[in-house]
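Dear colleague,

Here is the structure I promised to pass on. My notes follow below it.

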Amino acid sequence: MARRRPIAAANWKMNLLRRDAEDYCRHIASDLGEPAAEVLIFPPATLLQTVAEGLTGTGVGVGGQDLHTAAEGAHTGDLSGVQLADVGCTWALCGHSERRKDHGESDSLVGRKALAANEHGLVPLICLGESDEERRAGRTFEVLERQLKAALETTPAAFELAYEPVWAIGTGATATPEIAQEAHAFLRQQLAKEVGKQRAQATRILYGGSVKPENAAELIAPEDIDGFLVGGASLDSTKFLAIIMACGASARV
Ligand code: PEP
């Protein structure tokens with residue numbers, strides 16, 4: 001079976017300023033070429049327009065790091081799917097562990113956000129993953145099953161997934177390819193129960209957690225790993241380009 005087209009996604013979190021983003025986009029636009037991998041960038045809200053404009057014509061997708069479930073209204077500090085689409089976004093992160101932790105986002109809210117994304121023409125990249133404590137307690141699969149079920153409760157029509165074990169995010173403690181593959185295969189199996197086998201086979205499941213150019217090639221090798229959601233290393237355009245190329249190389253094997 002042909003491999004799913006891999007995705008290399010950059011999550012800039014609360015980093016970078018306008019000048020940095022302009023330089024970054026210039027570098028990507030000049031060196032990207034026609035990558036085998038689909039490329040996405042999730043900048044902070046202040047840089048969405050800069051990145052969308054700076055990458056026009058490159059094929060790189062831009063997404064918001066979060067969205068509110070409502071289209072508009074009295075929600076200070078939030079952004080809606082309509083507003084994200086208005087600045088050129090086609091994607092939105094939903095349920096990143098930092099949102100779950102810093103903002104108390106529940107499993108069911110993540111599902112409602114995924115649906116809201118769809119309603120405004122955005123593809124939600126739904127993030128899930130267990131904490132260190134949950135893994136040590138042997139509860140990884142139970143947590144993944146619960147998070148996935150809740151995220152799909154609202155039956156979003158289009159979505160992709162990112163498995164991000166919390167213990168590997170920003171810690172330098174990357175999952176081994178074996179650990180990541182085991183979780184991805186489990187998620188695809190659960191996905192088949194929720195949305196059917198065919199759709200489960202077509203869904204891209206990205207791995208996230210301390211991915212860098214040095215470990216990208218071995219992490220992309222297992223059959224159920226369809227790309228990466230990259231935090232720290234994605235802030236450097238040279239490193240992100242190397243990760244994009246490692247993802248793309250897997251598409252040709
Ligand atoms: C992330 O925040 O989605 C992430 C994977 O971060 P890092 O690559 O820095 O671990």
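Leu 40 stands opposite Gly 61 in strand S3. This is a predicted model, so local features need pLDDT of at least 70 and side-chain atom pairs count only at pLDDT 80 or more, while totals for chains, interfaces and linings use all residues. Residues are numbered from 1 along each chain as its sequence is written, and side-chain values use heavy atoms, with hydrogens and water left out.

Helices (H or I, at least four residues) and strands (E, at least two) are DSSP runs, numbered from the N terminus.

S2 pairs in the parallel sense with S1 (residues 7-11) over 5 bridges, and with S3 (residues 61-64) over 2 bridges; pairing requires at least two DSSP bridges between the strands. Asn 11 stands opposite Phe 42.

S1, helix H1 (residues 18-31) and S2 make a right-handed β-α-β unit, as do S2, helix H2 (residues 48-54) and S3. Right-handed means that, with the strands pointing away from the viewer, the path from the first strand over the helix to the second runs clockwise.

Elsewhere, Asn 215 lies in helix H10 (residues 213-220) and counts as buried because its relative accessibility is 8%. Leaving aside neighbours within four places in sequence, Asn 215 is in contact (heavy atoms within 4.5 Å) with Thr 174 and Ser 210. Its side chain reaches the backbone oxygen of Ser 210 at 3.1 Å.

Regards

Terms used. Buried < 20%, exposed > 50% of the residue type's maximum accessible area, 1.4 Å probe, protein only. Polar contact = N/O pair within 3.5 Å; in protein donor to acceptor, adjacent residues only side chain to side chain.
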